[in-house]
Amino acid sequence: MNNVFVFDHPLIQHKISLLRDKNTNTKEFRELVSEISMLMGYEVTRNMPLKEVEIETPIGIAKTKVISGKKLGIVPILRAGLGMVDGMIQLLPMAKVGHIGLYRDPETLKPVEYYCKLPVDAAERDIVILDPMLATGGSASAAIQFIKDKGVSSVKLMCLIAAPEGIKRVNESHPDVEIYCACVDEKLNDHCYIVPGLGDAGDRLFGTK
């Protein structure tokens, strides 16, 4: 799988197991999504460029490093992607947050953008799209394209659980976009739910199941 990074960190895998459990309640589910997102964010930002600076400590002058280059932007896909924002913001408080909302046209079955609000300087930022589930890849591919159409050239996709079908579609539509996920599951079922998955992430996050 091209440009796909699957995390095997023990903490992430442990928390994903708790997330999958049908007996995990809404409060616990929400906390787990945030915690996993923060842990994944640590790895997603591993290749951020650094520059050397001089810092005056109480003892003397230290030559050390700070982040340089493009700044980050975080864009959750509504609504389930909202659950991943807090974890990322705890790790990256300097990041700006945009939002994108999509729905599927009942006749054409194609994703339609109904809301898109990005940071005014989004084109100058590395954008990380957040969505807990990468199922068919339709919404993710559309979101990536909508964001690219706004002038953004650097896009990454971060999800918790992915299906092979979704990965394939994003890879084919956007071979330049890196996909970060905690698990790649077996397949999609007839209703396009990831198997074994964790159910509807939005419903479990917001208590609407």
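**Exercise 1. Packing of two helices**

Helix 4 (residues 138-149) packs against helix 5 at an angle of about 25 degrees, and their axes are 8 Å apart. Helices (H or I, at least four residues) and strands (E, at least two) are DSSP runs, numbered from the N terminus. The model is a predicted one, in which local features need pLDDT of at least 70 and side-chain atom pairs count only at pLDDT 80 or more, while totals for chains, interfaces and linings use all residues. Residues are numbered from 1 along each chain as its sequence is written, and side-chain values use heavy atoms, with hydrogens and water left out.

Task: Determine how helix 4 is oriented relative to helix 5, and which residues of the two helices meet.

Solution. 
1. Axes are lines fitted to C-alpha atoms, for helices over the stretch in contact, and angles run from 0 to 180 degrees between N-to-C directions.
2. The angle of about 25 degrees therefore makes helix 4 roughly parallel to helix 5. (Angles under 35 degrees count as roughly parallel, over 145 as roughly antiparallel, 65 to 115 as roughly perpendicular and the rest as oblique.)
3. The crossing of the two helices is right-handed, a term used if the near helix is turned clockwise from the far one by less than a right angle, and left-handed if anticlockwise.
4. From helix 4, Gly138, Ala140, Ser141 and Ile144 meet Arg169, Val170 and Ser173 of helix 5. Contact here means heavy atoms within 4.5 Å.
5. Helix 5 (residues 164-173) also holds Asn171, which is buried at a relative accessible area of 14%. (Buried means under 20% relative accessible area, exposed over 50%, partly exposed in between, with a 1.4 Å probe and protein chains only.)

**Exercise 2. Salt bridges**

Task: Which parts does the pair of Glu35 and Lys15 tie together?

Solution. 
1. A salt bridge is a side-chain nitrogen of Lys or Arg within 4 Å of a carboxyl oxygen of Asp or Glu. The whole structure contains nine salt bridges.
2. In one of them, the side chains of Glu35 and Lys15 meet at 2.9 Å, N to O. Because Glu35 lies in helix 2 (residues 26-44) and Lys15 in helix 1, the pair ties together parts that are 20 residues apart in sequence.
3. Lys15, in helix 1 (residues 10-20), is buried at 19% relative accessibility, whereas Glu35 is partly exposed at 30%.
4. Leaving aside neighbours within four places in sequence, Lys15 is in contact with Leu32, Glu35, Ile36 and Leu39.
5. Glu31 and Lys27 also form a salt bridge, with the closest N and O atoms 2.7 Å apart. The two are four residues apart in helix 2 and so are separated by about one helical turn.
6. Glu31 is partly exposed at 37%, and Lys27 is exposed at 55%.

**Exercise 3. Buried charged residues**

Task: Is Asp131 with or without a salt bridge, and what does Asp131 contact?

Solution. 
1. Asp131 is found in the loop between strand 8 (125-130) and strand 9 (133-134).
2. Asp131 is buried yet has no salt bridge; Arg79, the nearest side chain of opposite charge, is 9.6 Å away. (Lys and Arg count as positive and Asp and Glu as negative; His and the chain ends are not counted.)
3. Beyond four places in sequence, the contacts of Asp131 include Ile77, Ala80, Met84 and Cys159.
4. Asp121 and Arg125, by contrast, meet in a salt bridge at 2.9 Å, N to O, and both are buried. Salt bridges that share partners join Lys96, Asp121 and Arg125 into one network.
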